[in-house]
Amino acid sequence: MAFRPSQRRSKPGYILDLNLAPLLSLFVALIPMLLLTAMFQKVGIVNLYLPTLEEALLQDGENDPSQDFTLSVSVTLKEMSLMKDREVLITEDIQEGLKLDRFIEKLVTLKKEFPDKRDAVLLLDSEILYETIIDIMDAVRVNGDTELFPDISLADRILEEG
């Protein structure tokens, strides 16, 4: 009896080709969509004016005494206060969000009273968010097209004991 190979062996083997076309199509659709929706970091620059010692000495002799006061904005996690020297002009609660309407109205009133005044100091707690600082700086610097107090200095808020 002659050896006869089984018929299973004589069947041709299957060659599997991976069909990558749907996967590539998916990537072709996803990559442009991800690139278009990606938020690129915006870089903003705020110019801060810090007078030199010579400018400060010159200004001391030239300033009108009525214009010679320190306008400051004190910001904590709970409230924001606008102060003229040590006198508190307005206080806003910012625990539920930043509401700048009354604050801006007071700044506009101050600018009308003291049109030559250009500087303001922001006294900030260390936990204040960057976006909050920028919003307050923008409110102090400009109201629409009107320039308010463009020369802003930043400082740490000094805690008073007692």
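This is a predicted model: local features need pLDDT of at least 70, side-chain atom pairs count only at pLDDT 80 or more; totals for chains, interfaces and linings use all residues.
Gln95 touches Leu77 and Lys78 once residues up to four places away in sequence are set aside, contact here meaning heavy atoms within 4.5 Å. Its place is the loop between β3 and α4. Residues are numbered from 1 along each chain as its sequence is written, and side-chain values use heavy atoms, with hydrogens and water left out.

As for confidence, pLDDT is the predictor's own score for each residue, from 0 to 100. Its mean over the protein is 81, and 80% of the residues reach 70 or more. Helix α1 (residues 7-10) comes out lowest, at a mean of 64, and α2 highest, at 91.

The protein has 5 helices and 7 strands. Read from the N terminus, the order is α-α-α-β-β-β-α-β-α-β-β-β. Among contacts between residues at least 6 apart in sequence, 58% join residues at least 24 apart.

Next comes the interior. Buried residues make up 25% of the 162 residues; buried means under 20% relative accessible area, exposed over 50%, and partly exposed in between, with a 1.4 Å probe and protein chains only. In soluble globular proteins, nonpolar side chains tend to be buried together. The largest nonpolar core here holds 27 residues, and Val73, Phe103 and Val140 touch the most other members. Two or more residues of this core come from each of β1 (71-75), β2 (79-84), α4 (101-113), β4 (119-124) and α5 (130-141). Leaving aside neighbours within four places in sequence, Val73 is in contact with Met80, Ser81, Leu82, Phe103, Val121, Leu122, Leu123, Ile136 and Val140.

Nonpolar side chains turn up on the outside too. Leu18, Leu20, Leu23, Leu24, Leu26, Phe27, Leu30, Ile31, Met33, Leu34 and Leu35 form a surface patch with about 1100 Å² of accessible area together. Patches are built from residues with over 30% relative accessible area and no salt bridge, like charges being joined within 9 Å and nonpolar side chains (Val, Leu, Ile, Met, Phe, Trp, Tyr) within 5 Å. One of the patch members, Met33, lies in helix α2 (residues 21-37) and counts as partly exposed because its relative accessibility is 45%. The protein as a whole exposes about 13100 Å², of which carbon and sulfur atoms supply 56%; accessible areas come from the Shrake-Rupley method with a 1.4 Å probe, and for residues only the protein chains shown count as cover.

Then there are the charged pairs. A salt bridge is a side-chain nitrogen of Lys or Arg within 4 Å of a carboxyl oxygen of Asp or Glu, and that rule gives 5 of them. Glu92 pairs with Arg102, the closest N and O atoms being 2.7 Å apart. This pair links distant parts of the chain, Glu92 in strand β3 and Arg102 in helix α4, 10 residues apart. Glu92 counts as buried because its relative accessibility is 9%, whereas Arg102, at 47%, is partly exposed.

With Glu147 the N to O distance is 3.2 Å, and the bridge spans 29 residues, from the loop between α4 and β4 to strand β6 (residues 146-147). With Asp151 the distance is 3.4 Å, N to O. Asp151 lies in strand β7 (residues 151-156) and Arg118 in the α4-β4 loop, so this pair ties together parts that are 33 residues apart in sequence. Shared partners join Arg118, Glu147 and Asp151 into one network. Arg118 is partly exposed at 37% relative accessibility, as is Glu147 at 43%, while Asp151 is buried at 15%.

Most residues other than glycine have a negative phi. Asp85, not a glycine, has a positive phi of about 55 degrees. Asp85 is found in the loop between β2 and β3 (87-93), and is partly exposed, with a relative accessible area of 42%.

Terms used
Helices (H or I, at least four residues) and strands (E, at least two) are DSSP runs, numbered from the N terminus. A nonpolar core is a set of buried Ala, Val, Leu, Ile, Met, Phe, Trp, Tyr and Cys residues joined through side-chain atoms within 4.5 Å.
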